[in-house]
Amino acid sequence: MLAQLIFNGLVSGLLIALPALSLALIFSVLRFANYAIGAMVTTGAYLVYAFNGPLGWPLPLAVAAGMALSVALSLLLDRLVFAPLRGRSGVTLLVASIGLGLVLENLVRLVAGNAPRGFGVEIARPARLLGLRVNQEQLITLVCVLVALALVWLVFRFTRLGRAMQAVADNPDLADVRGISRKKVTAAVWALAAAMATLSGVLIGLDSNVDPQMGWNYLLPVFTAAILGGIGSPMAAVAGALLLGVTEELATLLLPPHYRTVVAFGVMALLLLLRPQGLFGAKWVRK
């Protein structure tokens, strides 16, 4: 039973790893906490559902199309909402992201309604692997998130874009002097964050269902995971997500499952009091 709980916790952590990574990436490069990350998860999931449900596209093609639209939407919203505020304080940008998140969630509710939706996938029996019960959704989550994290890590470590992101995160003024285009880096950050949020929304939808509150329900765990790892260190947010997922799952040994949000809040409160820089500090990409 303990091994099953740990496995379930790791999978739950992977569900929030991508939006936590997106949140930490935006914070480290653009210098504000993007409260709209939950709305980005919701919007991305509904864009994918629009292709998979009403249009009947296969889920992989629907994910690709939904990601492309989500990236385009995030770039448009950056130009309309955040670009005019560039250079303002992080609090100003945070408030703008709160307003944007509320607008996006209510637009989704207005267009799609409040009824839960589901992706068109075949139902499969859970498998038994090494004594663990593994269902189809957990297996898809494991594969998709691990592949996505590997690709992001490769971008951070071995590409000019990754080095440019790190340079802007470390010292924006010095990056400007060296000829790094902050506009291009900003666009890349939003595109990457939107793609990861969309994939996370799809995986959350497979795990439960697609509804207008799905991003809001994961907002506190996402912030907690980013702070736990070190909000200035994108890849450390993944470790924070895994630790939080396992902690929440093990807490069900003592508490009812619907108290997981309380566990996330408690972890974040303790961390802010005892180690506000996070478990892994603020180093951008650890070697």
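Guide: Happy to. Let's begin with burial: a residue counts as buried when its relative accessible area is under 20%, as exposed when over 50%, and as partly exposed in between. Keep in mind that this is a predicted model.

Visitor: Let me try that on one residue. Is phenylalanine 119 buried or exposed?

Guide: Its relative accessible area is 9%, so phenylalanine 119 is buried. Phenylalanine 119 sits in the loop between α4 and β1 (127-129).

Visitor: Which residues does phenylalanine 119 touch, leaving aside its neighbours within four places in sequence?

Guide: Contact here means heavy atoms within 4.5 Å. With those neighbours set aside, the partners of phenylalanine 119 include Ala45, Val48, Tyr49 and Asn52, and also Leu59, Val202 and Leu206. For a sense of fold, look at alanine 50: it is 69 residues from phenylalanine 119 in sequence, yet their C-alpha atoms are 9.6 Å apart.

Visitor: What about the nonpolar core? Which residues have the most contacts inside the largest one?

Guide: Phenylalanine 119 turns up again there, together with Leu21, Val29, Val185 and Val189. That core has 84 residues, and its largest share, 14 residues, comes from α8. Take valine 189 as an example: beyond four places in sequence, it touches Leu25, Ile26, Val29, Leu30 and Met165.

Visitor: Now helices. How do I check that one has the length it should?

Guide: Compare the expected span with the distance between the end C-alpha atoms. For helix α11 (residues 234-251), 18 residues at 1.5 Å a residue should span 26 Å, and the ends are 26 Å apart, which agrees. Helix α11 is also mostly covered, with 13 of its 18 residues buried.

Visitor: And how far apart are the end C-alpha atoms of helix α3?

Guide: They are 32 Å apart; the 24 residues of α3 (residues 59-82) should span 34 Å, so that agrees too. Among the buried residues of α3 are Leu59, Gly66, Ser74, Leu77 and Asp78. What they pack against is α2 (37-52), α4 (90-112) and α8 (182-207).

Visitor: Where is alanine 83 placed?

Guide: In the loop between α3 and α4. At 34% relative accessibility, alanine 83 counts as partly exposed. Its C-alpha atom is 9.5 Å from that of lysine 183, which is 100 residues away along the chain.

Visitor: How many cavities of 30 Å³ or more are there?

Guide: The count comes to 4. Of its 15 lining residues, Met40, Leu73, Ser74, Leu77 and Leu104 are the closest to its centre. Elements giving two or more residues to that lining are α2, α3, α4 and α8, and α3 gives the most, with 6 residues.

Visitor: Last one: how do I set a record beside the model?

Guide: Take an annotated span and look at its geometry. An unreviewed UniProt entry annotates "transmembrane region" over several spans, including residues 57-77 and 258-274. In the model, residues 57-77 are 90% helix and 0% strand, with end C-alpha atoms 27 Å apart. Residues 258-274 are 88% helix and 0% strand, and their end C-alpha atoms lie 26 Å apart.

Conventions
Residues numbered from 1 in each chain as written. Predicted model: local features only at pLDDT ≥ 70, side-chain atom pairs only at ≥ 80, totals over all residues. Heavy atoms only, no water. Helix = DSSP H or I, 4+ residues; strand = E, 2+ residues; numbered from the N terminus. Expected span 1.5 Å × (residues − 1). Buried < 20%, exposed > 50% of the residue type's maximum accessible area, 1.4 Å probe, protein only. Core = buried A, V, L, I, M, F, W, Y, C linked by side-chain atoms within 4.5 Å. UniProt positions renumbered as here; feature names shortened; annotations may be inferred. 1 Å grid on protein atoms, 1.4 Å probe; cavity = no way out; pocket = protein on both sides within 12 Å on 5 of 7 lines; lining within 4 Å. Points joined across faces, edges and corners; volume = space filled by probe spheres on them.
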